[in-house]
Amino acid sequence: VQFWDATSAPVWHVVTPENGHMDLLQDDLAACGLICAFCPGAPAREPMRRAAAGVMVAMLRSALFDDAASRAWLAAPPDPPVRLEVETR
């Protein structure tokens, strides 16, 4: 919350409500142990990984190239592979 409040626009807060942070990690989590058992994820990790990659590319293109199309994509991602909730200012 403090980082969001302290950051100047344009900024995006993107959440994938059906996914956990473990969906971005390696597929074999056996070495992770008990801690990973408390972080349920989606049955398929690939859609979350594609969505995260798309969001990161759009954010970088917007920031580095002042790309209006990337900002528009972030405001309303068309047909994302997972449900995204986007807050922007």
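## Charges and rings in a predicted model

Biologist: How many aromatic pairs are there by the rule?
Modeller: This is a predicted model, where local features need pLDDT of at least 70, side-chain atom pairs count only at pLDDT 80 or more, and totals for chains, interfaces and linings use all residues. Residues are numbered from 1 along each chain as its sequence is written, and side-chain values use heavy atoms, with hydrogens and water left out. Rings of Phe, Tyr and Trp (its six-membered ring) pair if their centres lie within 6.5 Å, with planes under 30 degrees apart called stacked, over 60 edge-to-face and the rest tilted. By that rule, the count of aromatic pairs is 0.

Biologist: Okay, which residue lies over the face of Trp4?
Modeller: A charge sits over a ring if NZ of Lys or CZ of Arg is within 6 Å of the ring centre and within 35 degrees of the ring normal. At 4.9 Å from the ring centre of Trp4, the residue is Arg89.

Biologist: Which residue forms a salt bridge with Glu18?
Modeller: A salt bridge needs a side-chain nitrogen of Lys or Arg within 4 Å of a carboxyl oxygen of Asp or Glu. Here the closest N and O atoms are 2.9 Å apart, and the partner of Glu18 is Arg83.

Biologist: Is Asp66 buried or exposed?
Modeller: Asp66 meets Arg71 in a salt bridge, 3.0 Å from N to O. Buried means under 20% relative accessible area, exposed over 50% and partly exposed in between (1.4 Å probe, protein chains only). With a relative accessible area of 57%, Asp66 is exposed.
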